[in-house]
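Here are some notes to read alongside the model.

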Amino acid sequence: MAEILSAIPTSGGPYFWAYMLAPPEHAPFFAWITGWFNLIGQIAVTTGIDFGLANLISITASVSNGYQATAGRTLAILALILVSHVAVNLISVRRLRLMIYTSIALNTLGVVCMVVAVLAKAKTHQSAAFVFGKFFDGTGEDGPGWSIRASPAYVAACGVLMSQYTILGYDASAHLCEETRKAVRHAPVGLLSAIAASTGMGFFLIIGMLFSIEDFEAVRTSPLPVLKILTDACGEGGGLTSNSRMMFAFARDGGIPHRLHIIDARFKSPIRTVLFGAVCSFLLALPVLGSQAAYNGTTSIATIGLYISYGIPIAMTLAYPHNFKRGPFRLGRASKIIAAIACLWIGILTVVFCLPVVNPVTSQTFNYTSAALGIVGLYAFASWFLWARRWFTGRCRDHCRVCIRQLDFLGEGMVGRTDSTDSEGRHDRHHRLKSSESTGLKRTDQKTNITVSRDIDVEIREYEGL
C-alpha cells in the first residue's frame, strides 16, 4: 500500500487507487465497490474506537464513586466524544497538526509511564512461562469453548481480530496526503512508521500488563480486564479525521451525496462530512448496547471492510501490472511477492472474522458481521448495476491535479490517465508526460475530454504553501 500511495497520492485512497489500476472499461466499477467497503469500514472503525473509549470512561467512573454504568449513560458519553471529535476537526490544518504531534507524544509517554508504574506497583508478577506459554480458551460461555468443539487453532485465529483491528487504518496517510507536503515521499514513510510504532508500543503494553496480572480469574471475568489489572496493582485512585477526508473525496467524485464534499469557508475543513461521519458512527453504535457480540461485530465490520478496500487495489497491481507505474517509494523485486501475501492474508481474515467467536451460538452471541457486510456488498453491487454505472466515473479532476502537482514538485514528471494502447496492445493506464519547461502546459484527458491548463511554477508555489 505504501508503494501504491507513493504512485497515487490523493485523499481518495483505496477507491481511487482501484480506479487507476483497473482496466479502463471496468475502472469505475472497481472504484465504486472499493469506495463503499472503505466507507463502511471507516464508519465502523470510528464507532469501535469511540464506543470502546466511552465504555472505558463509564466503567472507570464506577470503580470508586458509586457511579452506575448503564447503556444509556455509555451512549451519552459516546455522543460527547463524537462531538469533541467534530470540534477538533473544526481546527485549521496547521493547528490540527500540532494536536496530532502532541497526541503522539502523550500516547507514547503515557504507555511507557503506565507500564513502568504497574510493573513497579504490582505485588506479584507472573512468570515468563505464563506470559508466553499459557493458552486459555475463553470462547465458551457455559461449557466447552471452540478449542474443544473445533481446535485451539480456531481460537487463535479468532484472537487475531484485535491485533489486526489495533493496527488498522493504513490508509489514513492517504486520506490526509493532500494536506501533506511532499506526500509522494512522506506519506508512505508515515504509513509504515505508524504501523511499526503501533506494533512496538502495543507489544510493550501487552507484555507489561500480562506480567502484572495478580488474579487471573478475576481479570478474566472482569468487564474491563485492563482496568482490573491497574486497580489490583495501583489501587482505585486513579479516527474521525481520516473518516471525514475519505468521505470528502468520495463525495467529490459522486460516490455519496455531492454536497458533502463542500469545504467550509470559515474552518477550511469538510464540516459536512465530519458531521455525517459522526452521526453514522453514533447510529452504528446503537446495536452495540445490546450485547458484547455486537461490539465484536462492529470491530469485525471495520476490519473486514477496510481490508477488502485495501485488497482490491493491491490485487489490481498483480492482475494488471502494466497499469502500475511506481512512484519514488519502491519495493523492487519484492513488490509482487508482498502483494500476493497481502491478498492471501486478507482473504483468510475475511473468512475467519465472519465466524462465530462464542460458543454456544445464540442470537446474542452470533457473529452478524457476514450479514452486515452482505448488506453493504449487496447495496454496492445492486446500486452499481441499477443506476450508478450510468453516471459514476470514479474520478475527479482534482485527484489528477494533486498527483501531477506532487510528482512535478519532485521532478517525477506528470501522470495522466489515458485510454491509449501501447505497442503490445495493452492499455497504458498511467501515461507519463514529461513536464514542459514552458509556463503554459495543457493536457487533454482522453476519458473526460477535460483540458487541464496550468502553470507549473504556480502549481508548485501553491503546493509549497500548503
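1. **Ground rules.** Please keep in mind that this is a predicted model, in which local features need pLDDT of at least 70, side-chain atom pairs count only at pLDDT 80 or more, and totals for chains, interfaces and linings use all residues. Residues are numbered from 1 along each chain as its sequence is written, and side-chain values use heavy atoms, with hydrogens and water left out.

2. **The chain as a whole.** You will find 19 helices and 4 strands here; helices (H or I, at least four residues) and strands (E, at least two) are DSSP runs, numbered from the N terminus. Of the 466 residues in the chain, 45% are buried, where buried means under 20% relative accessible area, exposed over 50%, and partly exposed in between (1.4 Å probe, protein chains only). The accessible surface is about 22300 Å², and carbon and sulfur atoms account for 64% of that surface. These areas come from the Shrake-Rupley method with a 1.4 Å probe; for residues, only the protein chains shown count as cover.

3. **The largest nonpolar core.** A nonpolar core is a set of buried Ala, Val, Leu, Ile, Met, Phe, Trp, Tyr and Cys residues joined through side-chain atoms within 4.5 Å. The largest one has 59 residues, and I8, W32 and L168 touch the most other members. At least two residues of this core come from each of α1, α2 (14-21), α3 (27-61), α8 (152-166), α10, α15, α16 and α17 (369-386). The top contributor is α3, with 12 residues. Another core, of 11 residues, lies apart from it and includes A54, L75, V86 and A278.

4. Have a look at α2, where 8 of its 8 residues are buried.

5. **Two salt bridges.** How many salt bridges does the structure hold? There are 2, counting a side-chain nitrogen of Lys or Arg within 4 Å of a carboxyl oxygen of Asp or Glu. One joins R326 to E3, with the closest N and O atoms 2.8 Å apart. R326 is partly exposed at 26% relative accessibility, whereas E3 is buried at 5%. The other links E217 and R220 at 3.0 Å, N to O. Those two residues sit 3 residues apart in helix α11 (residues 216-221), so about one helical turn separates them. Both partners are partly exposed: E217 has 43% relative accessibility and R220 has 38%.

6. **The second largest pocket.** This pocket holds about 510 Å³ of space. Its lining has 23 residues, with M1, A2, I314, I338 and A342 lying nearest the centre. Two or more lining residues come from each of α1 (2-7), α10 (183-211), α15 (292-319) and α16 (334-352), and α16 has the largest share, 6 residues. By type, the lining divides into 19 nonpolar, 3 polar and 1 charged. Here Ala, Val, Leu, Ile, Met, Phe, Trp, Tyr, Cys and Pro count as nonpolar, Asp, Glu, Lys and Arg as charged, and the others, Gly among them, as polar. On a 1 Å grid over the protein atoms alone, a pocket is an open set of points where a 1.4 Å probe fits, with protein on both sides within 12 Å along at least five of seven lines; lining residues have an atom within 4 Å of a point. Grid points are joined across faces, edges and corners, and the volume is the space filled by probe spheres set on the points.
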